[in-house]
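Please keep the sequence and the model at hand while reading.

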Amino acid sequence: MNIFRLAADLSHLFAILILLLKIWKTKSCSGISGKSQILFLIVFISRYLDLFTNFVSLYNTAMKVFFLGSSIGTLYLMWVKFKPTYDGNHDTFRMEFLVIPALVLAIFVNHDFSLMEIMWTFSIYLEAVAIMPQLFMLQVTGSAETITAHYLFCLGIYRGLYIVNWVYRYYTEDFVDPIAVVAGIVQTVLYSDFFYLYVTKVVQQHRNIELSA
């Protein structure tokens with residue numbers, strides 16, 4: 001493992017911890033898209049089907065367990081413990097518009113036509129667009145709390161660092177995974193407009209993100 005992948009994994013971990021802290025501390029999931037969280041859980045379940053059959057390292061297993069457990073925990077907080085605070089009226093993005101194309105693409109564009117490989121590829125494609133309901137919700141409501149913005153920023157940095165990781169591996173190991181690279185680029189592009197708002201509003205002005213009418 002190189003430093004870029006480690007930094008990416010830590011950014012991903014911090015993003016989830018920020019989200020859980022935000023929900024628990026405020027006792028509210030206002031501004032958080034439950035649909036994006038469902039999609040992330042689908043991503044992790046699809047990707048980690050080999051959790052009990054393929055041991056790579058303690059680090060790898062621990063991260064798999066953390067991402068699965070934290071996703072389930074986040075959905076529990078949103079749909080059970082703090083359900084009255086969930087803003088379903090603004091969380092209206094149609095998940096099937098993301099899940100079905102990702103699955104179809106995974107069936108036809110993959111490294112190997114096997115169940116495990118197709119599900120792994122499906123998770124890569126779906127993760128690239130899983131944040132769209134959250135970004136759509138931000139567009140609909142026109143605002144995001146600072147801590148929610150921190151969460152989204154860490155998620156964006158996580159994916160950006162993974163692209164650097166792939167570039168590094170290409171030059172040092174002569175290895176490239178076009179599926180992961182292209183999906184990572186798509187995901188990073190989706191965050192680009194948010195990054196601009198984050199820097200201009202949160203970093204420079206120390207304000208919540210407010211979109212112009």
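A disulfide is a pair of cysteine sulfur atoms within 2.5 Å. The model shown here is predicted.

Q: How many disulfides does a search of the whole structure find?
A: A disulfide needs two cysteine sulfur atoms within 2.5 Å, whereas the sulfur of C29 has its closest cysteine sulfur in C154, 20 Å away, which is too far for a bond. For the whole structure, the number of disulfides found is 0.

Q: Is C154 buried or exposed?
A: A residue counts as buried when its relative accessible area is under 20%. C154 has a relative accessibility of 18%, and therefore counts as buried.

Q: Are helix α2 and helix α3 roughly parallel or roughly antiparallel?
A: Two packed helices are described by the angle between their axes and the distance between the axes. Here the axes of α2 (residues 34-47) and α3 (residues 58-81) come within 9 Å and cross at roughly 155 degrees. Angles over 145 degrees count as roughly antiparallel, so the arrangement of α2 relative to α3 is roughly antiparallel.

Q: How many nonpolar residues does the contact of α2 with α3 have?
A: On the α2 side the contact is made by G34, Q37, I38, L41, F44 and I45, while the residues of α3 that take part include F67, L68, S71 and I72. Sorted by class, the contact has no charged residues and 4 polar ones, and the number of nonpolar residues is 10.

Q: Which helix holds Q37, and what is the relative accessible area of this residue?
A: Q37 lies in helix α2, and, leaving out residues up to four places away in sequence, it touches L19, I32, T74, L75, M78 and Y151. Among these, T74, L75 and M78 are also listed with the buried residues of α3, and what covers the buried residues of α3 includes α1 and α2. Q37 itself is buried, with a relative accessible area of 5%.

Q: Which residues is A102 in contact with, leaving aside its neighbours within four places in sequence?
A: A102 is found in helix α4 (residues 96-108), where it is buried with a relative accessible area of 6%. Once the neighbours within four places in sequence are set aside, the residues in contact with A102 are F122, Y125 and L126.

Definitions and conventions. Residues numbered from 1 in each chain as written. Predicted model: local features only at pLDDT ≥ 70, side-chain atom pairs only at ≥ 80, totals over all residues. Heavy atoms only, no water. Axes fitted to C-alpha atoms, helices over the stretch in contact; angles between N-to-C directions. Helix = DSSP H or I, 4+ residues; strand = E, 2+ residues; numbered from the N terminus. Parallel < 35°, antiparallel > 145°, perpendicular 65-115°, else oblique. Contact = heavy atoms within 4.5 Å. Nonpolar A, V, L, I, M, F, W, Y, C, P; charged D, E, K, R; others polar. Buried < 20%, exposed > 50% of the residue type's maximum accessible area, 1.4 Å probe, protein only.
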